[in-house]
Amino acid sequence: MAKTIRGKAKAKNGLVDVKLLMKHPMETGLRKDKDGNPIEAHFIQTVEATANGNTVFSAQFNTSVSKDPYLAFSFSGADKGDVLNIAWIDNKGETDSADVAIK
Amino acid sequence: MDRRSLIRALGGAIVAAAALPKLAWAAWSSNAMKAGESTAAMNELFGTADVVASAEVKLKAPEIAENGAVVPLEVSTDMPAEQIAIFVDKNPSPLVMTATMGAGATGLVKTRVRMGESSNVVAVVKSGGKLYSASQEVKVTIGGCGG
(Lines give C-alpha, C1' and ligand atoms only; values in the text may rest on other atoms or scores of the structure.)
Protein backbone atom coordinates (compact mmCIF):
# COMPACT_ATOMS: atom_id res chain seq x y z
CA MET A 1 0.00 0.00 0.00
CA ALA A 2 1.51 3.23 -1.00
CA LYS A 3 0.29 6.78 -1.25
CA THR A 4 -3.23 6.08 -0.09
CA ILE A 5 -3.28 9.09 2.21
CA ARG A 6 -3.99 12.61 1.05
CA GLY A 7 -4.11 15.27 3.70
CA LYS A 8 -4.14 18.97 4.40
CA ALA A 9 -3.25 20.54 7.73
CA LYS A 10 -3.65 24.29 8.13
CA ALA A 11 -2.61 26.27 11.20
CA LYS A 12 -4.93 29.14 12.03
CA ASN A 13 -5.60 30.98 15.30
CA GLY A 14 -3.67 28.45 17.37
CA LEU A 15 -5.50 25.45 15.93
CA VAL A 16 -4.50 23.05 13.19
CA ASP A 17 -7.41 22.02 10.97
CA VAL A 18 -6.85 18.62 9.40
CA LYS A 19 -8.67 17.09 6.43
CA LEU A 20 -7.82 13.58 5.27
CA LEU A 21 -8.81 11.30 2.43
CA MET A 22 -7.65 7.69 2.51
CA LYS A 23 -7.98 5.57 -0.60
CA HIS A 24 -9.45 2.24 0.51
CA PRO A 25 -12.25 -0.04 -0.77
CA MET A 26 -13.94 -0.29 2.67
CA GLU A 27 -15.62 -3.56 1.64
CA THR A 28 -18.40 -4.31 4.14
CA GLY A 29 -18.40 -8.08 3.78
CA LEU A 30 -22.15 -7.87 3.10
CA ARG A 31 -21.92 -7.49 -0.67
CA LYS A 32 -21.95 -10.27 -3.23
CA ASP A 33 -20.20 -10.50 -6.57
CA LYS A 34 -21.95 -11.22 -9.90
CA ASP A 35 -22.00 -14.96 -9.18
CA GLY A 36 -23.55 -14.48 -5.76
CA ASN A 37 -20.37 -15.20 -3.80
CA PRO A 38 -19.86 -12.99 -0.76
CA ILE A 39 -17.10 -10.38 -1.09
CA GLU A 40 -14.72 -10.54 1.83
CA ALA A 41 -14.72 -7.62 4.29
CA HIS A 42 -11.74 -5.31 3.80
CA PHE A 43 -11.77 -2.06 5.70
CA ILE A 44 -9.60 0.38 7.65
CA GLN A 45 -9.96 -0.27 11.38
CA THR A 46 -7.74 2.31 13.01
CA VAL A 47 -6.35 5.72 12.04
CA GLU A 48 -3.84 7.59 14.16
CA ALA A 49 -2.52 11.13 13.88
CA THR A 50 0.73 12.04 15.59
CA ALA A 51 2.40 15.44 15.90
CA ASN A 52 5.56 16.34 17.83
CA GLY A 53 5.59 12.90 19.44
CA ASN A 54 1.99 13.08 20.70
CA THR A 55 -1.00 11.14 19.42
CA VAL A 56 -3.33 14.06 18.80
CA PHE A 57 -6.26 12.11 17.41
CA SER A 58 -7.17 8.50 16.73
CA ALA A 59 -10.24 6.88 15.25
CA GLN A 60 -11.64 3.39 14.88
CA PHE A 61 -13.75 2.70 11.81
CA ASN A 62 -16.41 0.08 11.24
CA THR A 63 -17.34 -1.29 7.80
CA SER A 64 -20.01 1.43 7.59
CA VAL A 65 -17.55 4.26 7.01
CA SER A 66 -17.86 5.19 3.31
CA LYS A 67 -15.42 3.98 0.66
CA ASP A 68 -12.26 6.13 0.48
CA PRO A 69 -12.80 7.46 4.02
CA TYR A 70 -12.87 11.18 4.71
CA LEU A 71 -11.88 12.36 8.16
CA ALA A 72 -11.54 15.88 9.55
CA PHE A 73 -10.58 17.09 13.02
CA SER A 74 -8.58 19.86 14.63
CA PHE A 75 -6.04 20.18 17.41
CA SER A 76 -3.72 22.65 19.11
CA GLY A 77 -0.07 22.24 20.03
CA ALA A 78 1.54 22.34 16.60
CA ASP A 79 2.28 25.12 14.17
CA LYS A 80 3.32 25.93 10.62
CA GLY A 81 6.39 23.92 9.66
CA ASP A 82 5.58 21.03 11.99
CA VAL A 83 4.74 17.63 10.59
CA LEU A 84 1.60 15.60 11.21
CA ASN A 85 2.01 11.85 10.70
CA ILE A 86 -1.07 9.91 9.64
CA ALA A 87 -1.15 6.11 9.77
CA TRP A 88 -3.87 3.53 9.20
CA ILE A 89 -4.18 -0.24 9.56
CA ASP A 90 -6.96 -2.38 8.07
CA ASN A 91 -8.54 -5.70 9.06
CA LYS A 92 -6.04 -7.61 6.89
CA GLY A 93 -3.09 -6.00 8.63
CA GLU A 94 -2.21 -3.77 5.67
CA THR A 95 -0.99 -0.36 6.70
CA ASP A 96 0.05 2.96 5.25
CA SER A 97 1.41 6.14 6.71
CA ALA A 98 2.24 9.59 5.43
CA ASP A 99 3.65 12.85 6.70
CA VAL A 100 1.51 15.91 6.15
CA ALA A 101 3.27 19.27 6.40
CA ILE A 102 1.36 21.75 8.53
CA LYS A 103 0.93 24.96 6.54
CA MET B 1 30.69 -11.02 21.28
CA ASP B 2 33.46 -8.51 20.64
CA ARG B 3 32.83 -4.81 20.61
CA ARG B 4 32.76 -4.42 16.83
CA SER B 5 30.18 -7.14 16.18
CA LEU B 6 28.09 -5.83 19.09
CA ILE B 7 27.98 -2.39 17.50
CA ARG B 8 27.09 -3.94 14.17
CA ALA B 9 24.27 -5.95 15.76
CA LEU B 10 22.92 -2.88 17.56
CA GLY B 11 23.07 -0.85 14.37
CA GLY B 12 21.05 -3.50 12.57
CA ALA B 13 18.41 -3.50 15.28
CA ILE B 14 18.07 0.28 15.12
CA VAL B 15 17.65 0.22 11.34
CA ALA B 16 15.03 -2.53 11.64
CA ALA B 17 13.09 -0.54 14.26
CA ALA B 18 13.19 2.61 12.13
CA ALA B 19 11.85 0.72 9.12
CA LEU B 20 8.73 -0.42 11.00
CA PRO B 21 5.93 2.00 10.19
CA LYS B 22 4.48 1.82 13.67
CA LEU B 23 5.22 -0.21 16.77
CA ALA B 24 1.86 -0.54 18.49
CA TRP B 25 -1.74 -0.12 17.41
CA ALA B 26 -4.58 0.36 19.85
CA ALA B 27 -6.89 -2.66 19.85
CA TRP B 28 -9.95 -2.38 17.62
CA SER B 29 -13.17 -2.46 19.68
CA SER B 30 -14.47 -5.60 18.03
CA ASN B 31 -17.37 -6.35 20.40
CA ALA B 32 -18.77 -2.81 20.14
CA MET B 33 -18.30 -2.71 16.36
CA LYS B 34 -20.07 -6.04 15.88
CA ALA B 35 -22.96 -5.35 18.26
CA GLY B 36 -26.26 -5.51 16.37
CA GLU B 37 -28.02 -2.81 18.31
CA SER B 38 -27.05 0.72 19.46
CA THR B 39 -27.59 0.19 23.20
CA ALA B 40 -25.51 -2.99 23.15
CA ALA B 41 -22.80 -1.21 21.17
CA MET B 42 -22.72 1.65 23.72
CA ASN B 43 -22.50 -0.83 26.58
CA GLU B 44 -19.55 -2.54 24.89
CA LEU B 45 -17.81 0.72 23.98
CA PHE B 46 -18.40 2.82 27.10
CA GLY B 47 -19.36 0.22 29.69
CA THR B 48 -22.73 1.95 29.97
CA ALA B 49 -25.60 3.10 27.76
CA ASP B 50 -26.50 5.85 30.23
CA VAL B 51 -26.51 8.76 27.77
CA VAL B 52 -28.00 12.20 28.39
CA ALA B 53 -29.33 14.22 25.43
CA SER B 54 -27.55 17.56 25.43
CA ALA B 55 -27.73 20.76 23.39
CA GLU B 56 -23.96 21.01 23.91
CA VAL B 57 -23.54 18.22 21.36
CA LYS B 58 -24.00 19.37 17.79
CA LEU B 59 -24.75 16.86 15.06
CA LYS B 60 -24.81 18.11 11.48
CA ALA B 61 -26.47 15.63 9.14
CA PRO B 62 -28.61 15.95 6.01
CA GLU B 63 -32.37 15.56 6.53
CA ILE B 64 -32.53 13.63 3.28
CA ALA B 65 -29.58 11.63 1.95
CA GLU B 66 -30.10 10.71 -1.68
CA ASN B 67 -27.18 8.30 -1.62
CA GLY B 68 -26.91 6.17 1.51
CA ALA B 69 -23.39 5.14 0.51
CA VAL B 70 -22.03 8.59 1.33
CA VAL B 71 -23.78 10.49 4.10
CA PRO B 72 -21.71 13.41 5.43
CA LEU B 73 -21.82 13.81 9.21
CA GLU B 74 -20.23 16.34 11.55
CA VAL B 75 -20.14 16.09 15.33
CA SER B 76 -18.86 18.98 17.42
CA THR B 77 -18.96 20.22 20.97
CA ASP B 78 -17.40 23.00 23.04
CA MET B 79 -17.19 20.64 26.02
CA PRO B 80 -13.74 19.13 26.64
CA ALA B 81 -14.31 15.91 24.71
CA GLU B 82 -12.43 12.69 25.42
CA GLN B 83 -14.23 10.59 22.86
CA ILE B 84 -16.84 10.98 20.12
CA ALA B 85 -18.79 8.04 18.69
CA ILE B 86 -21.39 7.85 15.91
CA PHE B 87 -24.25 5.33 15.78
CA VAL B 88 -26.73 4.65 12.97
CA ASP B 89 -29.53 2.83 14.81
CA LYS B 90 -30.83 0.81 11.86
CA ASN B 91 -27.51 -0.27 10.34
CA PRO B 92 -26.70 -3.99 10.83
CA SER B 93 -23.87 -2.83 13.13
CA PRO B 94 -24.90 0.59 14.47
CA LEU B 95 -21.51 1.81 15.70
CA VAL B 96 -19.93 3.51 12.68
CA MET B 97 -16.84 5.02 14.21
CA THR B 98 -15.34 6.20 17.44
CA ALA B 99 -12.70 8.89 17.80
CA THR B 100 -10.41 9.48 20.75
CA MET B 101 -9.25 13.03 21.32
CA GLY B 102 -5.52 13.06 22.05
CA ALA B 103 -3.26 15.90 23.13
CA GLY B 104 -4.86 19.22 22.15
CA ALA B 105 -7.65 17.80 19.98
CA THR B 106 -10.88 19.80 19.93
CA GLY B 107 -14.33 18.24 20.11
CA LEU B 108 -14.78 17.83 16.37
CA VAL B 109 -15.13 14.94 13.94
CA LYS B 110 -16.26 15.03 10.33
CA THR B 111 -16.64 11.92 8.23
CA ARG B 112 -18.84 10.18 5.65
CA VAL B 113 -20.83 7.09 6.49
CA ARG B 114 -22.98 4.39 4.92
CA MET B 115 -26.65 4.06 5.81
CA GLY B 116 -28.63 1.00 4.71
CA GLU B 117 -31.99 2.73 5.20
CA SER B 118 -33.60 5.79 6.81
CA SER B 119 -32.55 5.85 10.44
CA ASN B 120 -31.97 7.84 13.55
CA VAL B 121 -28.31 8.93 13.80
CA VAL B 122 -26.86 9.38 17.28
CA ALA B 123 -23.68 11.24 18.17
CA VAL B 124 -22.25 10.54 21.62
CA VAL B 125 -19.63 12.72 23.31
CA LYS B 126 -17.74 11.52 26.35
CA SER B 127 -16.77 14.50 28.50
CA GLY B 128 -15.58 14.36 32.11
CA GLY B 129 -16.33 10.64 32.09
CA LYS B 130 -20.02 11.24 31.25
CA LEU B 131 -21.90 10.61 28.03
CA TYR B 132 -23.89 13.27 26.17
CA SER B 133 -25.75 12.84 22.91
CA ALA B 134 -27.49 14.49 20.01
CA SER B 135 -29.58 12.68 17.44
CA GLN B 136 -31.26 13.30 14.14
CA GLU B 137 -33.43 11.34 11.74
CA VAL B 138 -31.87 10.96 8.27
CA LYS B 139 -34.06 9.84 5.39
CA VAL B 140 -32.23 7.70 2.86
CA THR B 141 -33.52 7.50 -0.71
CA ILE B 142 -31.12 4.79 -1.95
CA GLY B 143 -29.54 2.50 0.66
CA GLY B 144 -25.77 2.34 0.78
CA CYS B 145 -24.86 -1.13 1.93
CA GLY B 146 -25.12 -2.81 -1.46
CA GLY B 147 -26.88 -6.08 -1.99
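Strand β5 (residues 83-88) of chain B runs antiparallel to strand β8 (residues 119-127), and six bridges join the two. Strands here are DSSP runs of E, at least two residues long, helices are runs of H or I of at least four, and both are numbered from the N terminus. Two strands pair if DSSP finds at least two bridges between them.

A word on the model. It is predicted: local features need pLDDT of at least 70, side-chain atom pairs count only at pLDDT 80 or more, and totals for chains, interfaces and linings use all residues. Residues are numbered from 1 along each chain as its sequence is written, while chains are lettered from A and ligands numbered from 1 in the order in which they are written.

Back to β5(B). It also pairs with strand β6 (residues 95-101), again antiparallel, over five bridges. Ile84(B) faces Ala99(B) there. The link from β5(B) to β6(B) is a hairpin of six residues.

Is β5(B) largely enclosed or largely open? Enclosed: five of its six residues are buried, so the rest of the structure largely surrounds it. Buried means 20 or more other C-beta atoms within 10 Å of the residue's own; 12 or fewer is exposed, in between is partly exposed, and C-beta atoms are placed from the backbone.

Next, helix α3 (residues 38-46) of chain B. Its buried residues are Ser38(B), Ala41(B), Met42(B) and Leu45(B). An α-helix has 3.6 residues a turn, so residues three or four places apart point the same way. The cover over this face includes α2 (30-34), β1 (51-53), β5, β6 and β8 of chain B. Just after α3(B) comes Gly47(B), with a positive phi of about 80°.

Now Ala65(B), in strand β3 (residues 64-67). Ala65(B) counts as buried because 24 C-beta neighbours lie inside 10 Å. Leaving out residues up to four places away in sequence, its contacts are Val71(B), Met115(B), Val138(B), Lys139(B), Val140(B) and Thr141(B). Contact means C-beta atoms, placed from the backbone, within 7 Å. Val140(B) is 75 residues away along the chain, yet the two C-alpha atoms are separated by 4.8 Å.

Last, the whole chain. Chain B has three helices and nine strands. Of its 147 residues, 38% are buried.

Terms used
Two residues are in contact if their C-beta atoms, placed from the backbone, lie within 7 Å.
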